[in-house]
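Please read them alongside the structure.

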Amino acid sequence: MTERVKSGVFGLNEQLDGGFIRYSTSVVIGASGAGKTTFATQFLRRGLEMGEDGIFITLDEAPDQIVREAAMMGWEDITKYLDNGQLVFIDASGKQFTDFIQKELSDFVEEWEGHNARIVVDPLTPVLWSVDSKYEQRELVSFLLREVRRIGTVLCTLEEHGSQGDLSGPDIVIPMYLADCVVHLRYTSKESPERRELKIVKSRASKHSRFSHPYRIMKGAGIMVLPVEHKVKKVRRSTDMELLYKRIEAQYQKMISGVPKKKRAKLPREVFTNIRRTLNYLSEDNFGDLDPAEATALILGEYDLNIEGSD
Ligand SMILES: Nc1ncnc2c1ncn2[C@@H]1O[C@H](COP(=O)(O)OP(=O)(O)OP(=O)(O)O)[C@@H](O)[C@H]1O
Ligand SMILES: [Mg+2]
């Protein structure tokens with residue numbers, strides 16, 4: 001059976017037939033501000049909490065800026081993984097990284113051989129722009145993906161520049177063809193940029209969702225993918241946050257008590273701390289148009305747990 005890794009993006013795994021296939025390659029395409037870096041960080045962090053290694057190859061933003069943004073998202077624990085060496089950053093321009101791919105990648109992969117890592121390239125776009133012909137672009141990306149997947153599960157982000165939904169440029173088409181899984185983050189209308197949808201364009205060897213799923217970005221949780229049938233509800237501004245927190249806390253306690261001992265051992269203690277942290281953030285933050293129970297269920301679902309505590 002194909003082994004899957006949890007994406008770390010709440011609500012996405014069930015649309016992906018269980019998650020990303022381990023040692024597969026995925027691309028996440030989106031316009032500026034769609035949530036690509038957030039997606040990538042969530043994906044890495046999910047591996048880190050399970051004890052995996054994380055390699056963040058950043059082509060655009062400095063590592064300390066990514067760490068700052070992660071902290072603003074409520075993920076300040078990311079520094080802990082930098083300190084213990086589980087997470088490493090590679091900071092390069094498109095041209096520098098292309099040189100690295102051509103000259104040093106094979107040695108790098110050899111060094112990491114046998115590791116069970118998650119690797120992010122955010123964004124891959126400047127790498128494609130650093131060579132002249134489509135042929136070279138294809139060779140370069142193909143070599144990169146083939147090599148890097150030897151040491152873990154790969155996720156590359158791609159910038160979408162053209163008009164919304166146009167995925168026909170070579171800097172998008174080439175990686176799309178080569179990757180095993182393609183996720184598109186898109187704005188549904190220019191008029192209301194807060195309305196965003198996620199679509200799985202393809203996912204090899206998976207019975208994946210064919211629909212466009214609305215998604216939200218929330219402090220503490222990051223990207224949350226909602227079921228297609230999600231209805232925008234009238235938000236009750238009068239929600240008593242204290243009461244809400246108690247309710248979530250009760251759900252959390254119930255969940256802990258509902259996890260069979262055997263399964264509890266398989267989930268590192270850290271996972272529970274993180275679930276707790278995420279729920280805490282949500283209780284303080286605005287749930288937007290999400291029902292608190294709905295949001296909680298999405299978070300617990302990432303860990304194959306449910307609110308009822310049954311299994
Ligand atoms: N603390 C936060 N709480 C809620 N939403 C946030 C928070 N921080 C960022 N966002 C949302 O996340 C979006 C930015 O996400 P991200 O940086 O992942 O996008 P991106 O696709 O990587 O953009 P770019 O192409 O510019 O790098 C913002 O547009 C905003 O809507
Ligand atoms: Mg980004």
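1. The structure holds five aromatic pairs. Rings of Phe, Tyr and Trp (its six-membered ring) pair if their centres lie within 6.5 Å; planes under 30 degrees apart count as stacked, over 60 as edge-to-face and the rest as tilted. The rings of F56 and F89 lie 5.2 Å apart between centres, with their planes at 35°, so this pair is tilted.

2. The F56–F89 pair joins distant parts of the chain, 33 residues apart: F56 belongs to strand β4 (residues 53-58) and F89 to strand β5 (residues 87-91). Helices (H or I, at least four residues) and strands (E, at least two) are DSSP runs, numbered from the N terminus.

3. F56 is buried at 2% relative accessibility, and F89 is buried at 19%. Buried means under 20% relative accessible area, exposed over 50% and partly exposed in between (1.4 Å probe, protein chains only).

4. F100 and F108 have ring centres 5.6 Å apart and planes at 70°, so they form an edge-to-face pair. F100 is buried, with 16% relative accessible area, as is F108, with 15%. Ring pairs connect F97, F100, F108 and W112 in a cluster.

5. The charged end of R118 sits over the ring of F43, 4.9 Å from the ring centre. The criterion is NZ of Lys or CZ of Arg within 6 Å of the ring centre and within 35 degrees of the ring normal.

6. This is a predicted model: local features need pLDDT of at least 70, side-chain atom pairs count only at pLDDT 80 or more, and totals for chains, interfaces and linings use all residues. Residues are numbered from 1 along each chain as its sequence is written, chains are lettered from A and ligands numbered from 1 in the order in which they are written, and side-chain values use heavy atoms, with hydrogens and water left out.
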